[in-house]
Amino acid sequence: MPAAHFKIDENLKELTTHRTVELPVACYQTTIGDHINGYIPLHWHDELQFVLVIKGDASFQINEKTVTVKQGYGLFVNSGCLHMTEDINKSGCVYICLNVSPHFLVPQELFTNYVYPYIHATNLSHLFISPKQAWGNSVLESIHKIYTWIHKQPHHYEIEIASELSILWKNLILNGLQLKYNEKEMIKNQRMKQMLNWIHLHFAEKITLDDIAKAGQLSRSECCRYFKKMLKKSPPLTYVLNYRIQQSLVMLQQAEANVTDVAYQVGFNSTSYFINQFRKEMKMTPLMYRKKNLHISSHH
């Protein structure tokens with residue numbers, strides 16, 4: 001079976017459907033190393049995300065911050081925040097991922113007071129969840145219960161999940177966090193998304209630093225500062241290069257794929273340059289990657 005492909009649109013918004021048939025909730029296990037890139041690429045979604053690491057260690061980047069989450073610990077990622085995940089030291093990291101529509105956490109009448117202020121706070125992009133704190137341990141237990149109910153589906157499990165989500169959210173917001181709202185932070189995050197959106201729409205074309213900066217309404221130097229601070233990639237064209245490689249992975253898994261054609265389709269104007277950059281990123285040539293994945297497919 002080919003490696004899992006993590007689907008996001010040109011805005012970096014995740015395309016995975018985060019719901020069961022009955023509920024705007026999804027809860028599943030994720031093995032980081034199984035994804036096509038070997039990591040979970042940068043993306044965002046409207047849903048709130050709660051993570052419980054059950055094996056190994058993971059590094060999560062949320063907006064500008066990087067957080068290490070070890071086995072038994074968890075993480076909350078707020079709605080609309082850019083985030084990506086990597087396995088640490090090939091630990092075989094597996095985590096339970098619970099994605100929930102903000103509108104499903106509490107009854108509609110309580111949303112304005114008890115959810116809206118939290119999903120718009122600029123100092124709550126994420127929250128580290130420790131089992132050593134009473135509130136954190138309760139949140140992690142709730143994640144595990146919901147995962148079990150979704151996969152075993154006992155009678156009335158939908159009611160159990162709805163009830164448990166209210167308990168989970170209450171435990172999270174009662175930990176004493178003072179909410180802040182910084183307009184500059186909101187604008188910065190929006191500009192970052194605009195630049196990434198532009199790259200994802202035009203990655204197959206010739207892209208310059210001026211193009212990227214213009215998309216974010218920034219100077220060239222400010223554009224570079226944004227990428228260095230928020231994505232840990234400088235200059236921005238390094239991100240473009242990596243994104244083109246990511247896009248090539250999907251194409252190379254197609255039976256009729258041709259390395260030269262793929263190179264030009266993802267924006268390289270030289271096959272040899274594509275091969276060299278691919279080797280640096282993936283530790284193998286595009287042809288080796290293609291043969292490896294076709295071999296795996298044929299044995300499943």
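Mentor: The axes of helix 8 and helix 10 (residues 271-282) cross at roughly 95° and come within 10 Å of each other. Helix 8 is therefore roughly perpendicular to helix 10; angles of 65 to 115 degrees get that label, those under 35 count as roughly parallel, those over 145 as roughly antiparallel, and the rest as oblique. Axes here are lines fitted to C-alpha atoms, for helices over the stretch in contact, and angles run from 0 to 180 degrees between N-to-C directions. Helices (H or I, at least four residues) and strands (E, at least two) are DSSP runs, numbered from the N terminus.

This is a predicted model, in which local features need pLDDT of at least 70 and side-chain atom pairs count only at pLDDT 80 or more, while totals for chains, interfaces and linings use all residues. Residues are numbered from 1 along each chain as its sequence is written, and side-chain values use heavy atoms, with hydrogens and water left out.

At the crossing, Leu241, Asn242, Ile245, Ser248, Leu249 and Leu252 of helix 8 meet Tyr273, Phe274, Gln277, Phe278, Glu281 and Met282 of helix 10; contact means heavy atoms within 4.5 Å. Helix 8 is largely enclosed by the rest of the structure, because 12 of its 17 residues are buried. Buried means under 20% relative accessible area, exposed over 50%, and partly exposed in between (1.4 Å probe, protein chains only). The buried residues of helix 8 include Pro236, Tyr239, Tyr243, Arg244 and Gln246. Leu241, Asn242, Ile245, Ser248, Leu249 and Leu252 are also buried, and these residues are in the contact with helix 10.

The length of helix 8 (residues 236-252) can be checked too. Its end C-alpha atoms are 25 Å apart, which agrees with the 24 Å that 17 residues should span at 1.5 Å a residue; the expected span is 1.5 Å times one less than the number of residues. Leucine 237 has a C-alpha atom 7.5 Å from that of threonine 208, although the two are 29 residues apart in sequence. Threonine 208 is in the loop between helix 5 (183-202) and helix 6 (209-215), and at 30% relative accessibility it counts as partly exposed.

An open sheet of 5 strands runs in the order 1-8-3-6-9, with antiparallel pairing; two strands pair if DSSP finds at least two bridges between them. Its edge strands, strand 1 (25-31) and strand 9 (126-129), each pair on one side only. From one strand to the next the twist averages 15°.

Strand 1 contains threonine 30, which counts as buried at 8% relative accessibility. Beyond neighbours within four places in sequence, threonine 30 is in contact with His35, Ile40, Cys93, Val94, Tyr95 and Cys97. Cysteine 97 is itself buried, with a relative accessible area of 2%, and cysteine 27 is buried at 6%. The structure holds 0 disulfides, a disulfide being a pair of cysteine sulfur atoms within 2.5 Å. The closest cysteine sulfur to that of cysteine 97 belongs to cysteine 27 and is 7.7 Å away, too far for a bond.

A second open sheet has 4 strands in the order 2-7-4-5, again with antiparallel pairing. Strand 2 (40-43) and strand 5 (65-69) are at the edges with a single partner strand each, so one side of each lacks a neighbour in the sheet. The twist in this sheet averages 20° from one strand to the next. Strand 4 (residues 58-62) pairs with strand 7 (residues 83-87) in the antiparallel sense over 5 bridges, with alanine 58 bridged to aspartate 87. Leucine 82 is in the loop between strand 6 and strand 7 and is buried, with a relative accessible area of 3%. Its C-alpha atom is 5.2 Å from that of asparagine 63, 19 residues away along the chain.
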